[in-house]
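This report is a guided reading for someone meeting the structure for the first time.

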Amino acid sequence: MDSPSDSITPDSIVVTTDLTKRYGSFEALKQCNIDVRGGEIFGLLGPNGAGKTTLIRLLLGYLHVTSGSSKVVGFDPEQDSVAVRTRVAYLPGDARLPRHMRGRGLLEFFSQMHPSGDLARSLDVAERLELDLSRRVAFMSTGMRQKLALAVVFGPRTPLLILDEPTANLDPTVRGEVLKLVLAEREEGRTVMFSSHVLSEIEQTCDRVAFLRKGVLARKLVMEDLFQRHRLTALLSDSAEHGGTVESVDLRSEIPEELRSRVERYQISAPGPHGRVVCIDTAGDLAPTLAWIASLNLQHVRIEPLGLHSVYESVHLGRSETDSHWAADAEKVTDVVGAST
Amino acid sequence: MIRLRDVGIDRMMVRKNIGQSSLLFSFLAVALFAFGWVRVWVVKLLDMGQFQTIIEQFRDYEKFAPVSFDALFTYTGRVGMTFDEPIVILCTVIWCVARGSDVVSGELGRGTLEMLLSQPISRTRFLLSHAVVSTAGLMALCLLLWGGMTVGIETTTLTETVPPPSIRVPFLGFELPLTNDEPTQISFPMSERVAPETYTSAVFQLFVFGFFLLGMSSCFSSFDRYRWRTIGAVMTVYVIQLVMFGLGKAAESLAWLQSWSFFNCYKPQKMTTLVRDGDLWSPWSFSTPVGEGMFPPMFYPGLLLVIGSVFYIIAVVRFQQRDLPAPL
């Protein structure tokens with residue numbers, strides 16, 4: 001885990017230092033250190049109960065910290081949560097709205113409540129999400145209420161937007177529209193903190209991601225680095241070396257010296273019905289490794305991005321990233337071969 | 001100094017709270033106004049003079065009545081009994097417990113507190129904006145009851161039977177008519193006998209009684225996350241206090257219980273009696289005791305006001321300090 005000062009930059013808009021929240025003997029969040037930089041989309045990932053919502057609620061002053069501290073847009077939520085909320089638009093994970101109001105009335109209400117409120121913009125978002133504003137909240141479906149809450153939250157022009165599972169209860173079309181809205185916010189220079197269980201959404205939108213597990217910040221990741229990681233799976237041709245061995249073999253020692261920093265894994269599986277499967281994981285630019293891969297005399301080569309899922313599993317299931325999916329990928333290759341033969 | 005932005009937020013919160021409570025208020029307003037009017041009209045239907053002999057036989061039980069029996073033989077006293085009618089108390093309690101319990105545990109239970117507090121409003125202002133609407137609503141309900149009574153007083157015509165002139169025979173103790181005329185009936189507006197302003201202090205008493213309940217409900221609400229539990233807790237205290245008050249009146253040995261019940265501070269009919277026996281300003285005295293062994297009349301509503309305010313202060317402090325759970 002990073003120390004508090006490791007990654008804090010002058011343009012950090014959210015900084016937490018050893019932030020801890022304890023309920024009796026239960027620690028909902030343990031010494032969490034994160035920094036969110038201005039103008040980025042920051043993802044929070046973790047299973048239910050990992051501490052994502054607790055972290056967000058501490059940042060907004062809903063909860064009082066047990067120890068540690070935080071600064072949000074330059075203010076300590078423990079000292080002045082009103083100043084924080086003046087500069088933050090927040091969508092709760094389960095956004096519930098006053099049921100006696102009609103959609104339009106509710107947007108008017110919230111746009112006048114917030115000093116940065118913008119009714120025209122809220123109405124525009126509502127229109128983009130195809131929301132019927134004439135209905136009372138009480139008669140709206142869960143999805144409609146979520147859309148209405150999104151229209152409320154995207155209205156104010158605050159420097160920071162915190163969205164706790166914004167696409168929950170939405171259909172795929174609207175989900176896509178919401179992600180576009182999130183990306184548009186970044187284009188306009190706003191910072192977005194985004195919590196979700198849907199890995200593909202995080203992959204599509206976020207610049208950096210923090211993984212939480214059992215209240216602990218387990219891992220931070222720059223998405224740009226993740227996108228540069230690939231897994232190659234292929235069948236070893238009969239003429240290739242190592243064809244005679246029976247066990248799975250780790251061949252990292254055979255990686256050329258100049259590529260060792262780029263190749264994290266080079267492994268050959270035990271012989272299967274269609275032969276032996278080679279798995280190579282690369283990090284960074286793929287181009288320099290391609291010539292070496294070509295020299296390995298492989299068949300049925302398949303290259304795919306390593307993906308957030310493997311990192312997620314490594315964090316939450318305790319497997320190493322390169323181990324995760326290895327067996328599944330090997331099976332895929334042999335399935336393809338089986339089908340083609 | 002209050003910033004202009006905060007005024008805007010307060011205004012929106014007040015509007016939201018008005019919208020949220022308007023339906024309940026409308027029903028209670030109609031009920032109290034109509035009841036005030038009808039209750040006054042009912043006074044004319046009963047000629048209490050005819051029941052005087054019967055009532056006199058129950059003098060031993062006068063202590064259980066909220067007003068002296070003598071007051072029942074006057075129009076002012078009988079109209080003043082309106083403030084002790086169960087319907088009036090019930091409507092007041094409904095408003096105060098419903099609104100007071102809503103402020104924190106109600107919003108938490110509905111899950112709406114999360115979105116509302118995501119706006120730049122402090123918890124204190126949030127709670128106080130709710131308190132302002134609830135208190136103003138309570139005041140309006142009390143005034144509507146008074147308004148209904150005033151309309152009743154102004155529109156009701158009383159009819160009294162005037163017997164022919166007679167003379168009381170000394171020692172024998174009977175009336176000897178001086179003429180053979182039939183008793184005559186005279187009609188006159190009730191406003192000739194009853195002045196609506198007599199009840200200003202009684203209306204104030206009802207208001208502070210409600211304010212106390214509002215404060216207590218809000219206080220309990222700020223500790224809880226379930227509204228049903230808040231209402232249950234408030235009603236438990238209410239019933240216990242009522243039982244204590246009743247027991248204190250019933251048994252001499254338990255009389256001390258009365259002084260520990262907030263019902264002991266609700267004396268609308270006593271205030272009406274003070275007006276009747278003194279002047280309009282008699283119930284507003286801070287120095288002249290109501291009676292032997294009693295405090296000045298303003299002590300009682302003052303105590304309810306102070307305790308109600310203390311409850312509100314506790315509610316604010318607790319609401320500030322507590323963690324707000326995520327919606328269930």
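## A hairpin in chain A

In this predicted model, strand S1 (residues 12–23) of chain A and strand S2 (residues 26–32) of chain A run antiparallel and are joined by four bridges. A:Tyr23 has A:Phe26 in S2(A) as its bridge partner, and the hairpin that S1(A) and S2(A) make has two residues between the strands. Within that hairpin, A:Gly24 takes a positive phi near 65°.

## An open sheet in chain A

Another part of chain A holds an open sheet of five strands, in the order S12-S13-S14-S11-S15, with antiparallel pairing. Strand S12 (249–250) and strand S15 (298–305) of chain A each have a single partner strand and therefore stand at the edges, so that one side of each is left without a neighbour in the sheet. In general, the strands of a sheet pair through backbone hydrogen bonds, and the pairing may be parallel or antiparallel.

The pairing of strand S11 (residues 230–236) of chain A with S15(A) is antiparallel and extends over six bridges. Here A:Arg231 stands opposite A:Glu304, a residue of S15(A).

## Chain B as a whole

Chain B contains 11 helices and four strands, and its C-alpha trace spans about 85 × 45 × 35 Å along the principal axes. Of the 328 residues in chain B, 47% are buried. Among the contacts in chain B with a separation of 6 or more, 76% are between residues 24 or more positions apart.

## Helix packing in chain B

Helix H5 (residues 86–110) of chain B packs against helix H7 (residues 123–155) of chain B at an angle of about 170°, and their axes are 11 Å apart. The two helices, H5(B) and H7(B), are therefore roughly antiparallel to each other. Residues of H5(B) that make the contact include B:Trp95, B:Arg99 and B:Asp102, while those of H7(B) include B:Phe126, B:His130 and B:Leu141. By class, the residues of this contact between H5(B) and H7(B) are 11 nonpolar, four polar and three charged.

H7(B) also meets helix H8 (residues 200–223) of chain B, where the axes come within 9 Å and cross at roughly 150°. This angle makes H7(B) roughly antiparallel to H8(B), and the crossing is right-handed. On the H7(B) side the residues involved include B:Met139, B:Cys142 and B:Trp146, which lie in a contact with residues of H8(B) including B:Phe207, B:Gly210 and B:Phe211. The contact of H7(B) with H8(B) has 11 nonpolar and four polar residues, and no charged ones.

## Two residues that touch both chains

A:Arg57 lies in helix H1 (residues 52–60) of chain A, and its relative accessible area of 3% means that A:Arg57 is buried. Leaving aside residues up to four places away in sequence, A:Arg57 touches A:Tyr62, A:Leu63 and A:Tyr90 in chain A, and B:Glu114, B:Leu324, B:Pro325 and B:Ala326 in chain B.

B:Gln320 belongs to helix H11 (residues 299–321) of chain B and, with a relative accessible area of 32%, is partly exposed. Again leaving aside residues up to four places away in sequence, B:Gln320 touches A:His64 as well as B:Arg123 and B:Thr124. From B:Gln320 to B:Ile167 the C-alpha to C-alpha distance is 75 Å, and these two residues are 153 residues apart in sequence.

Definitions and conventions:
Residues numbered from 1 in each chain as written. Chains lettered and ligands numbered in written order. Predicted model: local features only at pLDDT ≥ 70, side-chain atom pairs only at ≥ 80, totals over all residues. Heavy atoms only, no water. Pairing = 2+ DSSP bridges. Axes fitted to C-alpha atoms, helices over the stretch in contact; angles between N-to-C directions. Parallel < 35°, antiparallel > 145°, perpendicular 65-115°, else oblique. Contact = heavy atoms within 4.5 Å. Nonpolar A, V, L, I, M, F, W, Y, C, P; charged D, E, K, R; others polar. Left-handed = near helix turned anticlockwise from the far one by under 90°. Buried < 20%, exposed > 50% of the residue type's maximum accessible area, 1.4 Å probe, protein only.
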